[in-house]
Amino acid sequence: MDADGWLASGERVQIQLRSGSWDVFVRAAGSGSWLTLLHGFPTTSWDWARVARILEPSLRVLTFDFLGFGDSDKPRRHEYSIGEQADLTEALWHRLGIEETGLVGHDYGATVAQELLARAEEGTLETRLTGVVLLNAGLYVELARPLVVQRALAAPLVGRLLAPLVTERTFGRSLSSVFSSEHQPTAAELHEQWRLVRRRGGVAVTPQLLGYMHERRANAARWEGALERTAVPLRLLWGMADPRSGADIADRARQRIPDLGVVALEDVGHYPQLEAPDHVATAIEAAFT
């Protein structure tokens, strides 16, 4: 399914958050128990298209674009946060009457999943998590290695000056650099990703969205502790060839989390769901069916 087909198969719905009322792209399809898939930065829910198609005969799959991403609203003067994206996730669960769900998070979405796990530990999460699967992300902030362009865009003044200069070519080169050499995206795939990133003026809010890098440091104890203390079944589905958040993070998690399940994809980089969708879908299905 190309990006246009993906957007046509979902809808924009209005969600009320503490910061205001926002239109968010949402897609729910399939049958069976609920499974929620959270996408990463800087991409969108379309990352899950090939995996969702495989899972939908046995699971009811919810995907959506976070605020500031893809086909969701991208307010310019807005303080984006992981906490608000977790609020958005909860609001969608409430809207759809989801009382329990499996949860899969990649990259930025894995950090949102960590916040949701922290809320579950505190007893404030209304929806029950039946299990959590995390794909490549900076779970341990001191081990993560952001791209140079990400660090530059995250600096408030530099980011505002640099964001308008980001082109499809520089975007494509940066995104390709985190894929493994064995699973490089095609030019057509990179173009579709760029179209979705740019949709509704998205590049302009990139510096604000990158505030999550600072949040990871400020909330390291909360979010890393949530992983290590959770009673929710937890496993990693990990591209070990990821140059930014690869084998060292998986190894740290193995050391710190008792009974952690790890599915290691040795020749896969930062985007397992795009590089090896069949393997990813099989592992997710095994975790939740």
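Where does Asp65 lie? Asp65 sits in the loop that runs between β4 (60–64) and α3 (82–95), with helices (H or I, at least four residues) and strands (E, at least two) taken as DSSP runs numbered from the N terminus. The model is predicted, so local features need pLDDT of at least 70 and side-chain atom pairs count only at pLDDT 80 or more, while totals for chains, interfaces and linings use all residues. Residues are numbered from 1 along each chain as its sequence is written, and side-chain values use heavy atoms, leaving out hydrogens and water.

Asp65 is buried, a word that here means under 20% relative accessible area, with exposed over 50% and partly exposed in between (1.4 Å probe, protein chains only).

Aromatic rings come next. The whole structure holds nine aromatic pairs, where rings of Phe, Tyr and Trp (its six-membered ring) pair if their centres lie within 6.5 Å; planes under 30 degrees apart count as stacked, over 60 as edge-to-face and the rest as tilted. Phe41 and Tyr212 form a tilted pair, because their ring centres are 5.7 Å apart and their planes stand at 50 degrees. This pair links distant parts of the chain, 171 residues apart. Phe41, Phe64, Phe66, Phe69, Tyr108 and Tyr212 are joined by ring pairs into a cluster.

Notes. Lys, Arg positive; Asp, Glu negative; His and termini not counted. Salt bridge = Lys/Arg side-chain N within 4 Å of Asp/Glu carboxyl O.
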